[in-house]
Amino acid sequence: MASVLVVEDDPFVRSALIRHLTEASHTVRSVGTALEALREVAHIGFDVVVLDLGLPDLDGAEALKMLRGVTDVPVIIATARDDEAEIVRLLNDGADDYLTKPFSVEHLSARMAAVLRRSRAGGTAEAPSREVRIGGLRVDPLRREATLDGAVLDLTRREFDLLAFLAERPGVVVSRKELLAEVWQQSYGDDQTIDVHLSWLRRKLGETAARPRYLHTLRGVGVKLEPPR
């Protein structure tokens with residue numbers, strides 16, 4: 001059972017979500033505006049937030065940034081928008097997952113279960129307990145800090161989890177299926193989610209897919225982390 005905050009201004013959609021989540025034994029609170037959502041998370045410790053982007057008082061993307069300023073609670077974006085650039089931006093701004101409307105309650109339940117497993121596992125399922133150094137890259141899982149050539153990297157929670165998982169296996173090609181299972185705690189999913197996070201992680205490592213330094217993708221096989229040659 002989880003404590004869920006549903007942020008949705010459409011009364012029909014909100015009612016359906018509340019009913020389904022309650023039937024699944026979750027504790028549910030709901031609000032219809034971004035400001036109400038911010039007040040709720042400031043006073044109540046939720047396990048997950050389902051956030052609609054089309055809110056009447058504030059764009060959901062801005063609400064996400066404000067939420068991230070006060071809490072690390074997992075956030076699932078519910079949106080009718082399917083623009084890839086916007087999805088990338090939302091993930092980079094701290095969203096844990098997203099669903100494109102219309103979606104089934106079963107789909108939402110599966111995504112919720114996945115983010116809750118990740119959250120309760122504290123990130124990566126098998127995060128290394130010791131500091132790892134690969135070239136000029138240092139990853140400290142206990143402090144959840146990564147540096148490159150002495151400079152601290154500004155990583156989102158998911159970016160750090162991905163980097164830490166790969167750092168524990170230097171030079172080993174890890175499949176997307178394994179990344180989904182171990183980092184995202186999902187048995188299935190969209191490769192786009194992984195590609196988005198790899199893209200932003202590469203940018204913060206000062207590289208690109210075309211000119212890799214640490215992150216190397218083997219098309220159709222997976223990705224590996226190794227020191228620059």
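Strands β7 and β8 run antiparallel and are joined by four bridges; strands count as paired if DSSP finds at least two bridges between them. Asp140 stands opposite Glu145 of β8. The open sheet has four strands in the order β6-β7-β8-β9, with antiparallel pairing. Because β6 and β9 (151-152) each have a single partner strand, they stand at the edges and one side of each is left without a neighbour in the sheet. Helices (H or I, at least four residues) and strands (E, at least two) are DSSP runs numbered from the N terminus.

This is a predicted model, in which local features need pLDDT of at least 70 and side-chain atom pairs count only at pLDDT 80 or more, while totals for chains, interfaces and linings use all residues. Residues are numbered from 1 along each chain as its sequence is written, and side-chain values use heavy atoms, leaving out hydrogens and water.

The largest nonpolar core has 28 residues, of which Leu137, Leu179 and Leu225 touch the most other members. Such a core is a set of buried Ala, Val, Leu, Ile, Met, Phe, Trp, Tyr and Cys residues joined through side-chain atoms within 4.5 Å; buried means under 20% relative accessible area (1.4 Å probe, protein chains only).

Another core, of 27 residues, lies apart from it and includes Val41, Ala61, Leu67 and Ile77.

Technical notes. Buried < 20%, exposed > 50% of the residue type's maximum accessible area, 1.4 Å probe, protein only.
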